[in-house]
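Have a look at the structure, try each task, and then follow the worked solution.

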Number of protein chains: 2
Amino acid sequence: MTVTPVGRRERKKLATRQALVSATLRLVAERGFDRVTVEDISEAADVAPRTFFNYFASKEDAVVSRRRIEPAGVRALVLARPAAEGPLAAVCAVLRELTLPAAEYREELLLRQQVIERHPALVARQLRAYAEFERAMVDAMAERLGHSAGQVGEGGLRLRVLVAAVTAAARSAASHWMHQAGRVPLDTLLDEAFACLTDLNRERTVD
Amino acid sequence: MTVTPVGRRERKKLATRQALVSATLRLVAERGFDRVTVEDISEAADVAPRTFFNYFASKEDAVVSRRRIEPAGVRALVLARPAAEGPLAAVCAVLRELTLPAAEYREELLLRQQVIERHPALVARQLRAYAEFERAMVDAMAERLGHSAGQVGEGGLRLRVLVAAVTAAARSAASHWMHQAGRVPLDTLLDEAFACLTDLNRERTVD
């Protein structure tokens, strides 16, 4: 996973990936998920079917995994945070970095969410992807904090709660943004959601 | 939904519901979801198939909705919290009340989660139930705080983040407890998870 692509090769790969995702969503919205083949998608994106499979394992994958966020990428982002940053700030910063690119694809994300919600198999796959992401974040944060593997298993509840809460806040902000027609910018809503977490125990946190 | 059942009639209804859920999970685990009918379940629980449908709309429903938590029930629990309690404490208290009964059904919950994870349709249904629950909590909290409907829509992000974070914490605690063979009691883990939310912005929240 590359959050800020540098080389031309990397840029071209991202463009191809994006073209495949757009074609998948457009065709699925037009015809229904079961009536679209990988061949249709490849043709619409003007690549060979073999190329499709360089990017995605299946058309399900092309709908759900717009970006590939590998555990190694999550780890790199977490370990790149300044040492002085507290755990909450570090997790929020990584989630912010990973969520912000969505700002350029609002219509596409709405379409994607509609497609996913109509297909239980896609819902299950998205949920699995979320769970894998959270596990990768917990592992990376444990490494950052110098926990041993045993500690993660035994005392790891606090870390799981931290990651689950920040992820839930980021998802709330993204969903709010998508359904508000993007009137308030995504980064503003993310900041508001994370600020709410920081202030969670203020006496009247909701005004 | 009744959290503390009082009358005999209510107790009998809960017992029948529980018998139907247990029979469903046992049969599904033995034969596979698609090979179990409502007739099989009713027979195993010693009730008429018509009785099954007084409790559940389908066998999917019997797997996912062990307890029925209606929006009206959520609202009643939220509005019953002491007025002096802050929003975070109130949401945590309600989640605690709703999660604690699980302590008596650990094996059954593990089995249920295994069944759900093998069937994408059940995963999707569980996720929908979670989303409906969170919406009911947000609405009830908005009412408790005297928000108008417009405020919930517009400024409601903070409330959604609060509810999403507490729900995520409760689910982390429950999952931790299920997979730890219940060695640490569920209520201890819930308290630990909620304390973590309260301390989220402590400099080194994870020790």
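## Helix packing and the chain interface

**Exercise 1.** At what angle do H10(B) and helix H11 (residues 186-198) of chain B pack, and how far apart are their axes?

*Solution.* Keep in mind that this is a predicted model. Step one: the packing angle is about 145°, and the axes lie 9 Å apart. Step two: H10(B) passes H11(B) in a right-handed crossing. Step three: look at who touches whom. H10(B) contributes residues including B:Ala165, B:Ala169 and B:Trp177, while H11(B) contributes residues including B:Leu186, B:Leu190 and B:Phe194. By class, this contact has 13 nonpolar, one polar and no charged residues.

**Exercise 2.** Describe how H10 of chain A meets H10 of chain B.

*Solution.* Begin with the geometry: the two helices, each covering residues 157-179, pack at about 145° with axes 8 Å apart. Next, the crossing of H10(A) with H10(B) is right-handed. Then find the residues: among them are A:Leu157, A:Ala168 and A:His176 in H10(A), and B:Leu157, B:Ala168 and B:His176 in H10(B). Sorted by class, the contact holds 14 nonpolar, six polar and two charged residues.

**Exercise 3.** Which helix gives the most residues to the side of chain A that touches chain B?

*Solution.* Start with the whole interface: 45 residues of chain A are in contact with 45 residues of chain B. The buried area is about 4,100 Å², with carbon and sulfur atoms giving 62%. Between the chains there are zero salt bridges, and four residue pairs are in polar contact. Finally, H10(A) gives the most, with 14 residues.

Notes:
Residues are numbered from 1 along each chain as its sequence is written. Chains are lettered from A and ligands numbered from 1 in the order in which they are written. This is a predicted model: local features need pLDDT of at least 70, side-chain atom pairs count only at pLDDT 80 or more; totals for chains, interfaces and linings use all residues. Side-chain values use heavy atoms; hydrogens and water are left out. Axes are lines fitted to C-alpha atoms, for helices over the stretch in contact, and angles run from 0 to 180 degrees between N-to-C directions. Helices (H or I, at least four residues) and strands (E, at least two) are DSSP runs, numbered from the N terminus. A crossing is left-handed if the near helix is turned anticlockwise from the far one by less than a right angle, and right-handed if clockwise. Contact means heavy atoms within 4.5 Å. Ala, Val, Leu, Ile, Met, Phe, Trp, Tyr, Cys and Pro count as nonpolar, Asp, Glu, Lys and Arg as charged, and the others, Gly among them, as polar. Buried area is the accessible area (1.4 Å probe) that two parts lose on being put together, summed over both. A salt bridge is a side-chain nitrogen of Lys or Arg within 4 Å of a carboxyl oxygen of Asp or Glu. A polar contact is a pair of N or O atoms within 3.5 Å; within protein, one must be able to donate a hydrogen and the other to accept it, and residues adjacent in sequence count only if both atoms are side-chain atoms.
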